[in-house]
Amino acid sequence: MKKLAIITTHPIQYNAPWFRLLAQKGNITIMVFYTWGQSQEGQKYDPGFGTNITWDIPLLTGYDHCFVENISTSPGSHHFKGIDNPTLIAQIEQWNPTALLVFGWSFKSHLKLLRHFKGKRKILFRGDSTLLDESDGFSFKKKIRRLFLQWVYSHIDIALYVGTANKEYFLAHGLKNTQLVFAPHAIDNDRFMEDVAWNKRSELRIPPNLLVFIFAGKFEAKKDPQILLDSFIQLGDTDAHLLMVGSGEMETSLKTKARQQPPGICERIHFLPFQNQLNMPGIYRTGDIFVLPSRGPRETWGLSVNEAMACSRTVLVSDKCGCAVDLVEPGINGFVFKNKDGNDLLKKMEMLLLNHQATADMGKRSLQIIQSWSFEKICIAIEQSMA
């Protein structure tokens, strides 16, 4: 049986389920090598949320894995020297895989791995970068970076692209169409599609017949929750509510601005702290319209949009999100608005408030769309790439 070594930094809730599915299918044998050895402790400080995160769903069951010693003096996935594994290549060679699947190149050990195994094993690559943050026109810095990335990607055989914007990125950096295999960004659709029996409306005293805009994520400039709060305030005298779920560096300023509004607006703005994975299906169902207003940089996808769509929510997404072109059908399951353009966001919010039934129907369409963005398709893409 063919053997696939998967190299990634640490366990995350979006990958572990399809690692498990790939192992269960039994068509190939897998071993996951986690290169951020310290993540074996099961808890990770997330600077965006400003707290330690321990996921409440199983991330290490159902597939073979190991944690590789990381000798970095500042371990982590936030910088190149944070992943430094002197024994990684030897451990992989001892396992003797048919092929490698490498997540990301911008770590010391991962780039060294690509260089070492080029031409010796088939190398699959997973990354979700886009050109959305790239400035127009020519610059010397842009040219040098493009040449460097072309060199990096010359070491791989197959790129598993997650969506349209990611595919355009790989093509721009020298890969051929024949080297690109679609392996969609996906979440555990089944878990989010389950008809959970609870939401937070009663606790927040939101009547069931009123529309709720919801943001769930890090309160940071990249996600731009400020533009959503400002646009909601400009809606003025409506029955709509706004729910902001998360934490981060902007939390105090957002809550202060909300409290400063007149009672008729202030009482319709609600905040909830960071919620772990098991709570999220009910959190999304507290709202009707999920908003991801990111301005970037590096909002390469936005998997919270997948989650909201699996909960039958209408979606309102900025054009800086890598998922926008693939997941949002304007006027069908939501809208795309221009990032940093509060007037455009406000206009789309007003359109969604005009007809509650039409907005609910958009949510149903979201559910239909997202079902084809699945873990099963990722596994099939990998199995076919191993042929």
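This section describes the overall fold of the chain and then the setting of Thr300. The model is predicted.

The chain holds 16 helices and 15 strands. Its C-alpha atoms occupy a box of roughly 65 × 50 × 40 Å along the principal axes. The radius of gyration is 22 Å. A compact globule of 387 residues would have a value near 21 Å, so the chain agrees with that expectation.

Burial and contact order were examined next. Of the 387 residues, 55% count as buried. Contacts between residues at least 6 apart in sequence were then divided by separation. Of these contacts, 73% join residues at least 24 apart.

The accessible surface of the chain amounts to about 17,100 Å². Carbon and sulfur atoms contribute 51% of that area. Charged side chains number 44 positive and 38 negative. The centres of the two sets are separated by 7 Å.

At the local level, Thr300 was considered. Thr300 sits in a loop. That loop runs between strand β13 (289-292) and helix α12 (303-310). Beyond its neighbours within four places in sequence, Thr300 is in contact with Asp128, Ser129, Thr130 and Gly322. With Asp128, the link includes a polar contact between the two side chains, at 3.0 Å.

Terms used. Residues numbered from 1 in each chain as written. Predicted model: local features only at pLDDT ≥ 70, side-chain atom pairs only at ≥ 80, totals over all residues. Heavy atoms only, no water. Helix = DSSP H or I, 4+ residues; strand = E, 2+ residues; numbered from the N terminus. Rg over C-alpha atoms; globule rule 2.2 N^0.38 Å. Buried < 20%, exposed > 50% of the residue type's maximum accessible area, 1.4 Å probe, protein only. Contact = heavy atoms within 4.5 Å. Areas by Shrake-Rupley, 256 points an atom, 1.4 Å probe, with all protein chains shown as cover. Lys, Arg positive; Asp, Glu negative; His and termini not counted. Charge placed at Lys NZ, Arg CZ, Asp CG, Glu CD. Polar contact = N/O pair within 3.5 Å; in protein donor to acceptor, adjacent residues only side chain to side chain.
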